[in-house]
Amino acid sequence: MIEFLSVNQGRILGDLEQHLYLSLLPIIIGLVIAIPLGMLAANSRWANAPLLGLSSVTYSIPSLALFIAMPGIIGTKILDPINVVIALSLYTTALLFRSVLDGLRAVPEPVKQASTAMGMRRARQLLTVELPVAIPVVAAGLRVAAVSNISLVSVGALIGVGGLGDLFTYGFQIGSYYYIGSGIVLSVLLALIADVVIVVIQRIATPWTRARAAR
Amino acid sequence: MIEFESVTKRFPGGGVGVEDVSLTIPTGKITVFVGPSGCGKTTSLRMINRMLEPSSGRILHDGQDVAKLDKAKLRRGMGYVIQQVGLLPHRTIVDNVCTVPFLLGRSKARARADAVALLERVGLDPVIAKRYPAQLSGGQQQRVGVARALAADPPVMLMDEPFSAVDPIVRESLQDEFLRLQHDLGKTIVFVTHDVDEAVKLGDQVAVFGGGGRLVQVDAPEDLLGRPRNAFVASLIGRDRGYRRLSFVPARDLPSHDVVTVSTDATTREVHETSERTGKSWVLSVDSDGRPVSWLDGRGDGDDLGRVPVGNTFTDDDSCRAALDGALASPAGLAVHVDADGRVVGGVGHDEIARYVTSLRSAEGGTAEDAGQDAAVEADA
């Protein structure tokens, strides 16, 4: 096993790096898009229903179908990793949009009322009160999105974009369980680490949620 | 000064919020809106800082129509306290207090220093400044809410049932401190409550709202208790109104007279002799400074002589309510009248208090009962 790892170090690390890039870049893109969309839906009756419908529909499209259809939709090459990045960004956006909306809706009414009554304008209230108070709910969505993206990127190996899924397909081809096993272990480890990192960032960003327990 | 000019608020569902309310809220005084739930008192309050807009009519603040002012700027000049407090959960206590000063662009360091001083002023330990709202008790949060409303020193305070969610003992101390603060600050305060006792205790002026969002009576609390305009107001202010009204009758003119006193180190025999000589069965023991200690039964036996500690005494600054309470609680039927240092100056019996109050009423001409029976007035409410 150790021999296998040292011989294939280059390939495994390369796949790991590609996997990280393909799964985490969409998280950042998705979050950046989902925050304004969530704020829009929380504040506009008009935008709320269509955005919610769109997010449900998006999330229900099978991933492999979306990976394959992407080039036809946006005119990229069939093997371009950007297909996976864009497809996963769509999923992440759909999922995080719900989290942002739920988080904003869960802000207690007296908090909103008091903020307004103290003379905060709407935008400031959203950005400096409602969004920060929604962080724990958004972070919960982020954890789901991160884990789900890390597992979905493996599917991308079927269309040849690399990542740890590459170790599965190659392992099957040559009949080596070493490749398959290391692919599985690394995927799981990556998902666990991503989860822990998000939890730690959330705890640092929301000191007040820990203060509650200390009362 | 805040003026309501024929203000009506109707909600889209068809429910009437407020119906044709005209009212003047004087500067530097506490005006209390009181009434049952759904009577429009909160709706009226929320129209002052434009959390709601009237369907018709105007609200003027210092002569300016609030509808013409920038909402955010208008609100920053009016402190706002609500029952659920609504502290920002993600900000520390000191930063919560600084909310409006920060909005006004004041220096952060300066605002925080002022905020800590303000926390002390509302009766909080400054160590809580760095804590988060969830770490505070309900009573503490409400004090922070009051400090936050005062932070930018607004001339107007809008308070919506601020003390309703805390237990009765905390509520009473919050009310007392609130009155003490207002004595120093002299803000123009609009205070909403459903509790008549609170309204009468805090208000310089009480506005009673009735069904359908109409204003039924606006009066000083003692006039409200003495002359309820109709049966609705009379029933709202309740059975104890006659007794409550005594709160507004000063005790200084009560016919206080000498009471029989003995020293605390008088012997049983001396107490018996004093009682026999004066014909009073109860004598008051006083300490060497002349402060009352307890009532002694001059015909009692044993060492303790039926000792009853003196409970409530009254001073010239107290009301007849305090004096009557003291008299009823005393075994001698006498309220002990003391000076500012707590030294006994005399006593007054409950029968004498009753006679005094009766003489005041006949001097006024009408009686509370006359007004209460004047049900015809109800027609215009």
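On a 1 Å grid over the protein atoms alone, a cavity is defined as a set of points where a 1.4 Å probe fits but cannot get out, and its lining residues have an atom within 4 Å of a point. Grid points are joined across faces, edges and corners, and a volume is the space filled by probe spheres set on the points. The model is predicted, with totals for linings using all residues. Residues are numbered from 1 along each chain as its sequence is written, and chains are lettered from A in the order in which they are written.

A search of the whole structure identified three cavities of 30 Å³ or more. The largest has a volume of about 80 Å³ and is lined by Val122(B), Gln142(B), Arg143(B), Val146(B), Phe163(B), Leu174(B), Glu177(B), Phe178(B) and Leu181(B). Two or more residues each come from α6 (138–150) and α7 (168–185) of chain B, helices being DSSP runs of H or I of at least four residues and strands runs of E of at least two, numbered from the N terminus. The greatest contribution, four residues, is that of α7(B). This lining comprises six nonpolar, one polar and two charged residues, where Ala, Val, Leu, Ile, Met, Phe, Trp, Tyr, Cys and Pro count as nonpolar, Asp, Glu, Lys and Arg as charged, and the others, Gly among them, as polar.

In chain B, α2 (71–76), β6 (78–82) and α6 each supply two or more residues, and β6(B) provides the largest share, with three. By class, eight residues of this lining are nonpolar, one is polar and three are charged.

Methods
This is a predicted model: local features need pLDDT of at least 70, side-chain atom pairs count only at pLDDT 80 or more; totals for chains, interfaces and linings use all residues. Side-chain values use heavy atoms; hydrogens and water are left out. On a 1 Å grid over the protein atoms alone, a cavity is a set of points where a 1.4 Å probe fits but cannot get out, and a pocket is an open set with protein on both sides within 12 Å along at least five of seven lines; lining residues have an atom within 4 Å of a point.
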